[in-house]
Amino acid sequence: MIYAAVVAGYLCIVLAMGIIEFYAVKRPNSIAPMGDMLEHVMRSRTVRVGIIAAWWWFGWHFLFAPTVQAAL
Amino acid sequence: MASFQTWRGAYVDGVLFYAIVAMLIIDRLTGGRIRILKQPIVAPKVVTLAITGTLALVLVVAPRHGWIDLVTMVAIGVTVLLLAWEPAPARPERSKAALARSALSWSILGVALCVWEALAFVFSVTMPNGNDNFPTISVLLDPVVSNLWGRLFFVALWLAGGLALLRFWSKR
């Protein structure tokens, strides 16, 4: 039950992301699509390198580093 | 993020994030004058795609958590850092209000995802039967990435996302 609720939480957030992007593509003058927004904020080197680093870490985490940790 | 990674025992990840934060702070303090390359790297799309495809093949076929993955990930990390350091040319944009609404929406959802994931992690290591009841994104995705076809899908999606962040797919 708790497991399902936690997974449902993830799915709700992902679903909300999908809805926002769908709406943004349909009404780009109301809310900019994610690609346009990222292009805008990534004009700053700090944001650009930060976002690229977060992307890279995602791959690092799943492909090289030990992903699952049993306990602290 | 750096502190969270260190706290959860992923010391290498923590050091990496601290190093990136330190690098960006130094860059800010020096007024963004640090130049890594004299000229931006420009490669034909076919070359970029060929290199990306080779990297994808290596990441899919090489054993997970092995030294080949380590070397490949470091090579990708250094390359994207070099590419991301210098800005891409500016292009026409959406209205400021639309951009602000988008940034706010995605920030809220991104923070929500991070908080949900962090809570799941904390409960998974502190509550009885926590590992069974509070799956993190890593726990959910790990079986997928362990499978060859799942890893192929993950690597393709991940590399395509990286190319998108570097504006490789952009037509404008």
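Reader: Among contacts in chain B between residues at least 6 apart in sequence, what percentage join residues at least 24 apart?

Author: The model is a predicted one. A contact is judged by the distance between C-beta atoms, with a cut-off of 7 Å. In chain B, 42% of the contacts between residues at least 6 apart in sequence join residues at least 24 apart.

Reader: How many helices and strands does chain B have?

Author: Chain B has 8 helices and 0 strands. The pattern along its sequence is accordingly written α-α-α-α-α-α-α-α. The C-alpha atoms of chain B occupy a box of roughly 55 × 40 × 30 Å along the principal axes.

Reader: What share of the residues in chain B is buried?

Author: A residue is called buried when 20 or more other C-beta atoms lie within 10 Å of its own, and exposed when there are 12 or fewer. Of the 172 residues in chain B, 16% are buried.

Reader: Is H65(B) buried or exposed?

Author: H65(B) counts as exposed because it has 12 C-beta neighbours inside 10 Å. H65(B) lies in the loop between α3 (45-61) and α4 (67-85) of chain B. Its phi is positive, about 70 degrees, although H65(B) is not a glycine.

Reader: Where is N129(B) placed, and what is its phi?

Author: N129(B) belongs to the loop between α5 (96-126) and α6 (130-133) of chain B. Its phi is near 55 degrees, a positive value in a residue other than glycine. N129(B) is exposed because 10 other C-beta atoms lie within 10 Å.

Conventions: Residues numbered from 1 in each chain as written. Chains lettered and ligands numbered in written order. Predicted model: local features only at pLDDT ≥ 70, side-chain atom pairs only at ≥ 80, totals over all residues. Helix = DSSP H or I, 4+ residues; strand = E, 2+ residues; numbered from the N terminus. Contact = placed C-beta atoms within 7 Å.
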